[in-house]
Amino acid sequence: MGNIHKIREQLDERIRETMEDKITERMKDSRLMDNFLANEKILDRISRHLEPIEQMNAYYRCAIMEIETKFKVLSEQFSLKYDRNPIETIKSRLKSQDSILKKMGRKGIPVTLENMEREIDDIAGVRVICSFVEDVYMLADCLLQQDDITLLEKKDYIRYPKDSGYRSLHLIVQVPIFLQNEKRQMKVEVQIRTLAMDLWASQEHKLRYKKSIPEDEEESISNELAECAQILSSVDTRMQALRTKLSESRFQED
């Protein structure tokens, strides 16, 4: 009888432990479900806030495609009509949200979608690289002569370089994009520069990006970079002169 009683006690203990384990598992499952539902609500809320931003980004991507297409059409025309194509490459980029927010913070602009669209001009960017300096201005004229392009601002850093040595022609233009039920005017920054100008800008960015330059070396490095920019500018000038000379010689032969 004593053994039977002991066996019953052991069975009761195991049954109680099993029941406790099941209750614990159900409680854990319940908490996981609660957390999951809470996270779903958070994700849904985040999604609702992000949706207008993603929509605006889509509009800017459409504007980039419009400008890229215009330059690609010009490139095709130049290839067919002339014996050379002034466009070397076409690049594009959409400014990251982090960069936009930092820029709005530096300018003291309240962070709203409306302010972002109204105050920040370089969210969408297209860069055209060409061979010679005169091609820069010719391509700018070709773009601005199109009747659906509106020039908002022009900054000529070729004729008036930045102190750092940076050279490029910047245009802020407005271009329409055609959506399902509406037409929207979108701003795009267009940069047109030569290969030499692009080389300097690219190398300068790589040298300076996220670098902590000692104060006692800052001036000498800046002077060196400015001198390199001047050397490359003189190369552009000489190449342009050679091209003009060869073109005149060919014209006389013809």
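**Salt bridges in close-up**

Counting a salt bridge wherever a side-chain nitrogen of Lys or Arg lies within 4 Å of a carboxyl oxygen of Asp or Glu, the structure holds 14 salt bridges. This is a predicted model, in which local features need pLDDT of at least 70 and side-chain atom pairs count only at pLDDT 80 or more, while totals for chains, interfaces and linings use all residues. Side-chain values use heavy atoms, with hydrogens and water left out, and residues are numbered from 1 along each chain as its sequence is written.

**View 1. Arginine 184 and glutamate 117.** The two side chains meet in a salt bridge with an N to O distance of 2.9 Å. Arginine 184 lies in strand β5 (residues 183-194) and glutamate 117 in helix α3 (residues 113-119), so the pair ties together parts 67 residues apart in sequence; helices (H or I, at least four residues) and strands (E, at least two) are DSSP runs, numbered from the N terminus. Arginine 184 is buried at 19% relative accessibility, whereas glutamate 117 is partly exposed at 22% (buried means under 20% relative accessible area, exposed over 50%, partly exposed in between, with a 1.4 Å probe and protein chains only).

**View 2. Lysine 187 and aspartate 121.** In this salt bridge the closest N and O atoms are 2.7 Å apart. Lysine 187 belongs to strand β5 and aspartate 121 to the loop between α3 and β2 (124-130), 66 residues apart. Lysine 187 is buried at 14% relative accessibility, and aspartate 121 is partly exposed at 23%.

**View 3. Aspartate 135 and arginine 243.** The closest N and O atoms of this salt bridge are 3.1 Å apart. The pair links helix α4 (residues 133-144), which holds aspartate 135, with helix α6 (residues 215-253), which holds arginine 243, 108 residues apart. Both aspartate 135 and arginine 243 are buried.
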